[in-house]
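Hello,

Here is the structure for your files. My notes follow below it.

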Amino acid sequence: MKDILVTGGSGFIGSNIVLELQSRFPEARITVLEDFRSSCFKNLLGFKGDLLAYDCSDRAWMNWAKGKKLDIIYHMAAITDTTILDEQKMMFDNVEGFRNVLDLAVEKKAAVVYASSAATYGSIDRPIKESDAGHPNNIYGYSKWIMDQLAPSYYDKTKVVGLRFFNVFGPREYYKGHAASMIYQLALKMMEGHRPRIFKWGEQKRDHIYVKDVVTATLMAHKAKVSTVMNLGTGQATSFNEIVDALNEALGTNHKPDYFDNPYSFYQNFTQADMSHHEKMTGFRCRYTTREGILDYVRNYLLKK
Ligand SMILES: NC(=O)c1ccc[n+]([C@@H]2O[C@H](COP(=O)([O-])OP(=O)(O)OC[C@H]3O[C@@H](n4cnc5c(N)ncnc54)[C@H](O)[C@@H]3O)[C@@H](O)[C@H]2O)c1
């Protein structure tokens, strides 16, 4: 894989992918396509490749590819703030951006690994299989669901692998602001000496995966036996009370949760990825449990700032 395009490459997950690719494959020609709507160039300090400052839903950027080789596209660009309710904008930017990426991949015979989301599932209170998708709670999840339905129409033309990320946390999520992970937001509060505020009674469980595992899985994904969409989580559900415990352990503090009523009726009270399909496709297994990811994140990144 010599010629690589990463869309959304200065974003949280995208920048972790770009910098890992650069370190693993110093000979590769890496280009980032990025319009900086929810990120900052500072996530890419140290990146030595090229950068196209375009919106990927605007086909203008595709001129760049004329006469160029492309082996693989990692498509991370998307509106990621789930509180954005403008349905036309969410659908246009996320779905048309993906369509452009798929069209270019076919032309270049490049593989595509793209970010889908556990938001395609909605509320399911048991380990979630890929076949459970199609009941998103918001327009963001719906845009990812439409992307997942678009992808198979390209399967016979090139390799396309979708990853339904569960809740990702880790270094370089700062520029997501209020859309950054709960783990990050709780850690910041606790580092400032405040009690962590969580919904009553902290027993809601989510599958929180560390970004280092997300990068590893993403870079393995093109080896999937066939084009497919697959879950990417730890396979375990961790409660918010357990997250507060892990944060206290990492920070050496003893903050008790400050519980408050959950105002959201559509809140996902439980998510847990069934990882069996993914494991069959690539053999990927997480290296970090959620607790271990929190310890690494806090001790080696947040406390070192
Ligand atoms: N972080 C998570 O927990 C999570 C969970 C499920 C899915 N995802 C998906 O993973 C991908 C990466 O998410 P992230 O958490 O790194 O978010 P992020 O907001 O940090 O990254 C998205 C990046 O894409 C860029 N972007 C957005 N729309 C664009 C467009 N039309 N053209 C060019 N650039 C554009 C943004 O500026 C940003 O840099 C997204 O597709 C997201 O939907 C993330």
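**Overall fold**

The chain has 305 residues, for which a compact globule would have a radius of gyration near 19 Å, and the chain agrees, with 19 Å (taken over C-alpha atoms; the globule rule is 2.2 Å times the number of residues to the power 0.38). This is a predicted model, where local features need pLDDT of at least 70 and side-chain atom pairs pLDDT 80 or more, while totals for chains, interfaces and linings use all residues. Residues are numbered from 1 along each chain as its sequence is written, and side-chain values use heavy atoms, without hydrogens and water.

Along the principal axes, the C-alpha atoms fill a box of roughly 60 × 40 × 40 Å. Of the 305 residues, 56% are buried (under 20% relative accessible area with a 1.4 Å probe, protein chains only; exposed is over 50%, partly exposed in between). Of the contacts (heavy atoms within 4.5 Å) with a separation of 6 or more, 81% are between residues 24 or more positions apart.

**Domains**

The domain assignment (automatic or from a database) gives domain 1 as 3–169 + 209–235 + 271–288 and domain 2 as 174–206 + 237–268 + 294–304. Their C-alpha centres lie 26 Å apart. In domain 1, 22 residues are in contact with 16 residues of domain 2.

**Met191**

Met191 is in helix H4, residues 182–191 (helices are DSSP runs of H or I, at least four residues, numbered from the N terminus). Met191 counts as partly exposed because its relative accessibility is 33%.

Regards

Key. Helices (H or I, at least four residues) and strands (E, at least two) are DSSP runs, numbered from the N terminus.
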